[in-house]
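Subject: Structure handover

Hello,

Here is the structure I promised to pass on. Please open it alongside this message; my notes follow below.

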Amino acid sequence: MSRALAPPSPGALRACMSRFTTGVTVVTYAGEDGPRGATMNSFTSVSADPALVLVSVARRARCHDQLIDSSFCVNILGAEQEPLARLFAGAQGATEPRWATAARVPRLTNPLAWVECEPWQAYDGGDHTLLVGRVTDLGHRDGDALTYAWSRFGTAAESTDGIEHLI
Amino acid sequence: MAARTGKEYMERLAASRPTVHIQGETVTGGIQDHPAFRNVVQTYAELFDLQHSDEHKDVLTYTSPTSGEPVGTSFLTPKTPDDLVKRRKAFKVWADHSNGMLGRTGDYMNSSLMALASAADWFAQANPAFGENIRRYYKKAREEDLLCTHTLIPPQVNRAVAGTQQAGGKLAARIVKEDDNGVVIRGARMLATIAPFADEMLVFPSTVLRGTPEDKPYSYAFAIPNDTPGLRYIAREPLDYDRPRHDHPLASRFEESDCVVVFDDVHVPYERCFALGDAELCNGFYSQTSSVVHMTHQVVTRTTAKTEYILGLVSLLTEAIGIEQFQHVQEDVAEIITTLEMLRAFLRAAEADAEVNEYGVLTPAFAPLNAARNLYPKLYQRFPQILRKLGASGLMATPTELDIQGPAAADIEAYLQSATLSGPERVKLFRLVWDTCVSAFSSRQALYEYYFFGDPVRMAGAYVKSYDREPYKARVQVFLDRA
Ligand SMILES: Cc1cc2nc3c(=O)[nH]c(=O)nc-3n(C[C@H](O)[C@H](O)[C@H](O)COP(=O)(O)OP(=O)(O)OC[C@H]3O[C@@H](n4cnc5c(N)ncnc54)[C@H](O)[C@@H]3O)c2cc1C
């Protein structure tokens with residue numbers, strides 16, 4: 001039990017957390033000189049009534065200060081959108097983002113699903129800020145989902161089970 | 001009312017006006033006279049008549065608990081081992097009549113309806129009306145002796161996405177509207193065998209549904225008359241070429257039409273719905289009601305009859321041309337015999353290990369039936385292959401009835417005779433072998449046996465997932481651990 005009392009090394013924590021499979025999102029918002037976004041997998045739904053979702057944003061991230069007080073959009077990525085995830089995670093020249101025109105809050109075109117939010121509450125989360133947003137709009141399409149586990153991207157297929165699984 | 005006669009079946013069909021597109025023609029009624037259907041309709045009429053024949057009526061019918069009239073045995077809710085045996089014997093009489101070539105005789109869906117109605121309480125969980133509806137519908141089908149077809153799978157557009165998402169959710173049959181007395185269905189389902197000459201269409205759950213709002217319009221089970229307005233069938237090219245029975249002995253009797261089903265805003269009244277908007281109910285439809293078990297009991301009985309026919313046919317063939325004594329021929333015949341004995345053993349095991357289910361129905365054991373269901377799609381493929389190999393050039397030495405009676409008669413007599421048969425007898429036999437393993441009809445049979453219960457590949461996946469292997473793993477583990 002003594003091990004549990006000592007603070008885990010960052011490596012050990014990462015090793016542990018990398019075993020938890022998540023989806024991948026790009027959180028987008030209006031930056032000072034145009035739409036901006038950051039890849040995040042620390043996304044979770046919080047409440048249905050009112051509709052609240054949460055992202056955990058690193059304090060040292062460039063987007064941190066702007067996101068705290070702005071409306072934002074969580075773009076949940078489809079399996080084929082891994083290049084976008086890499087781009088907004090800082091990879092050079094991975095791809096060019098395309099922005100949905102006429103969106104109130106900047107968002108990507110054609111994500112698997114998107115959740116538009118206005119700021120609701122921000123909480124201290126250590127070196128992160130827990131940003132809870134109130135959902136103002138949303139949408140989705142069909143397709144496989146992009147996943148992240150073991151520090152690698154993967155996909156979760158939409159169900160294509162046929163009658164064989166019923167009978 | 002009671003078990004129908006062939007004449008009564010034909011009369012009802014004559015009064016029905018289903019819309020069938022076939023070879024550029026739109027037929028609305030008169031199915032029993034149409035060249036594409038009249039022969040197979042005649043065969044179905046024969047099946048109904050068997051219910052009244054002195055030889056078979058005791059097995060093919062029982063006394064209706066409501067009307068006191070004799071009704072079809074496949075509607076019998078089995079309570080005792082004798083009931084199960086009687087059901088199997090009845091399946092066998094009909095299957096024998098077509099050598100197992102008719103895949104959709106009425107007893108197939110009747111068995112399903114019987115099980116579904118017995119599990120009415122399960123349907124009632126969602127809404128008491130559904131329980132009432134399935135019970136009432138089963139009774140109607142039994143008392144009117146209705147011939148039902150069914151349609152399950154969504155159109156084959158893009159199997160990379162779920163059935164509910166074909167072409168962005170705009171193709172598969174779905175509920176588009178709900179009004180005061182029912183729902184409106186738009187879209188298509190892939191196939192319905194015997195649709196043009198059935199009385200009713202059962203539209204039952206297809207792919208696995210998610211409980212999300214998007215899947216709600218695809219969550220349904222209902223039954224409608226075949227000539228419901230807005231319902232259209234697109235029939236494939238008929239394989240009955242309207243040729244003499246001598247020349248096309250199977251296709252001229254047993255050509256079950258397969259149709260794509262189009263719902264053009266078909267209105268379905270609530271009293272004909274058994275499930276609506278409930279994904280969980282739809283996903284449990286076959287397994288939770290034991291419906292699949294009773295259907296498979298019928299199917300394995302039919303495939304047993306079909307295998308008996310193949311064994312008889314191959315034996316006449318090998319005798320006719322004197323190839324019985326060759327060892328590889330015996331090996332092939334042995335393969336057919338082992339398949340037959342295996343199917344019989346499965347049937348017997350399923351009946352011997354039957355148990356009363358939670359709805360009080362004596363239900364055959366599914367494990368042996370499920371094994372048979374997973375094996376036969378592949379085992380059957382071997383039969384036409386064996387017949388082609390053993391029949392060889394004889395399968396092309398198959399002049400027609402007109403030749404046998406025409407100017408070539410003497411040549412046929414002389415050169416097409418065989419070790420045990422005269423020329424005309426041998427031609428007649430070889431035409432049957434040809435129709436079992438070479439003709440278009442035979443290819444459709446092979447495709448049917450491969451796919452009608454679903455894709456064998458995915459069936460195997462579902463089979464493995466549902467099979468409890470823990471005890472076997474544990475046993476091996478114990479052995480590993482043994483000092
Ligand atoms: C003669 C005939 C009569 C029939 N009659 C009826 C009837 O009366 N009523 C009725 O409801 N149905 C009927 N069927 C349909 C039958 O149920 C289907 O053929 C069966 O379920 C297989 O589905 P599919 O044909 O759409 O094949 P598909 O799903 O399109 O499969 C085509 C191929 O792709 C592969 N594939 C596709 N998707 C997957 C996946 N997710 N995973 C792995 N492999 C995949 C399959 O293995 C297969 O090789 C009939 C079929 C035939 C051939």
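This is a predicted model: local features need pLDDT of at least 70, side-chain atom pairs count only at pLDDT 80 or more; totals for chains, interfaces and linings use all residues.

**Helix packing in chain B**

α10(B) and α12(B) run roughly parallel to each other, because their angle falls under the 35 degrees that sets this class. The angle between α10(B), residues 291-320, and α12(B) is about 25 degrees. Their axes lie 10 Å apart. The two helices cross in the left-handed sense. Sorted by type, the residues of this contact are 16 nonpolar, six polar and two charged.

α12(B) has another partner to look at. This helix covers residues 366-391 and packs on α15(B), residues 423-437. Here the angle is about 140 degrees, and the axes are 9 Å apart. That angle makes α12(B) oblique to α15(B). The crossing of α12(B) with α15(B) is again left-handed. On the α12(B) side, the residues that meet α15(B) are B:Tyr380, B:Pro384, B:Leu387, B:Arg388 and B:Gly391. On the α15(B) side, they are B:Phe430, B:Val433, B:Thr436 and B:Cys437. By type, this contact has six nonpolar residues, two polar and one charged.

**The sheet in chain B**

Chain B also has an open sheet of six strands. The strand order is β2-β1-β10-β11-β7-β6, and the pairing is mixed. β2 (25-28) and β6 (174-179) of chain B are the edge strands, each pairing on one side only. From one strand to the next, the twist averages 20 degrees.

For a parallel pair in this sheet, look at β1 and β10 of chain B. β1 spans residues 19-22 and β10 spans residues 231-235. They pair in the parallel sense over three bridges. B:Val20 sits opposite B:Tyr233 of β10(B).

B:Gln23 lies in the loop between β1 and β2 of chain B. This residue is not a glycine, yet its phi is positive, at about 45 degrees.

**Chain A**

Chain A contains four helices and ten strands. Along the sequence, the pattern reads α-α-β-β-β-β-β-α-β-α-β-β-β-β. Taken along the principal axes, the C-alpha atoms of chain A fill a box of roughly 50 × 50 × 40 Å.

An open sheet of seven strands is found in chain A, with antiparallel pairing. Its order is β3-β2-β6-β7-β8-β5-β4. The edge strands are β3 (34-40) and β4 of chain A, and each pairs on one side only. The twist here averages 35 degrees from one strand to the next.

β3(A) pairs with β2 of chain A, residues 25-31, in the antiparallel sense. Seven bridges join this pair. Within it, A:Val26 stands opposite A:Thr39 of β3(A).

A:Gly37 is also in β3 of chain A. Which residues does A:Gly37 touch, leaving out those up to four places away in sequence? They are A:Val26, A:Val27, A:Thr28, A:Tyr29, A:Phe88 and A:Trp99. A:Asp69 is 32 residues from A:Gly37 along the chain, and their C-alpha atoms are separated by 15 Å.

One peptide bond in chain A deserves a look. The bond from A:Asp49 to A:Pro50 is cis, with omega near 5 degrees. A:Pro50 is located in the loop between β4 (43-47) and β5 (52-58) of chain A.

**Where the chains meet**

The size of an interface is often given as the accessible area lost when the parts come together. Between chain B and chain A, the buried area is about 1700 Å². Carbon and sulfur atoms give 60% of that area. In residues, 26 from chain B are in contact with twelve from chain A.

Best wishes

Terms used: Residues are numbered from 1 along each chain as its sequence is written. Chains are lettered from A and ligands numbered from 1 in the order in which they are written. Side-chain values use heavy atoms; hydrogens and water are left out. Two strands pair if DSSP finds at least two bridges between them. Axes are lines fitted to C-alpha atoms, for helices over the stretch in contact, and angles run from 0 to 180 degrees between N-to-C directions. Angles under 35 degrees count as roughly parallel, over 145 as roughly antiparallel, 65 to 115 as roughly perpendicular and the rest as oblique. A crossing is left-handed if the near helix is turned anticlockwise from the far one by less than a right angle, and right-handed if clockwise. Contact means heavy atoms within 4.5 Å. Ala, Val, Leu, Ile, Met, Phe, Trp, Tyr, Cys and Pro count as nonpolar, Asp, Glu, Lys and Arg as charged, and the others, Gly among them, as polar. Buried area is the accessible area (1.4 Å probe) that two parts lose on being put together, summed over both.
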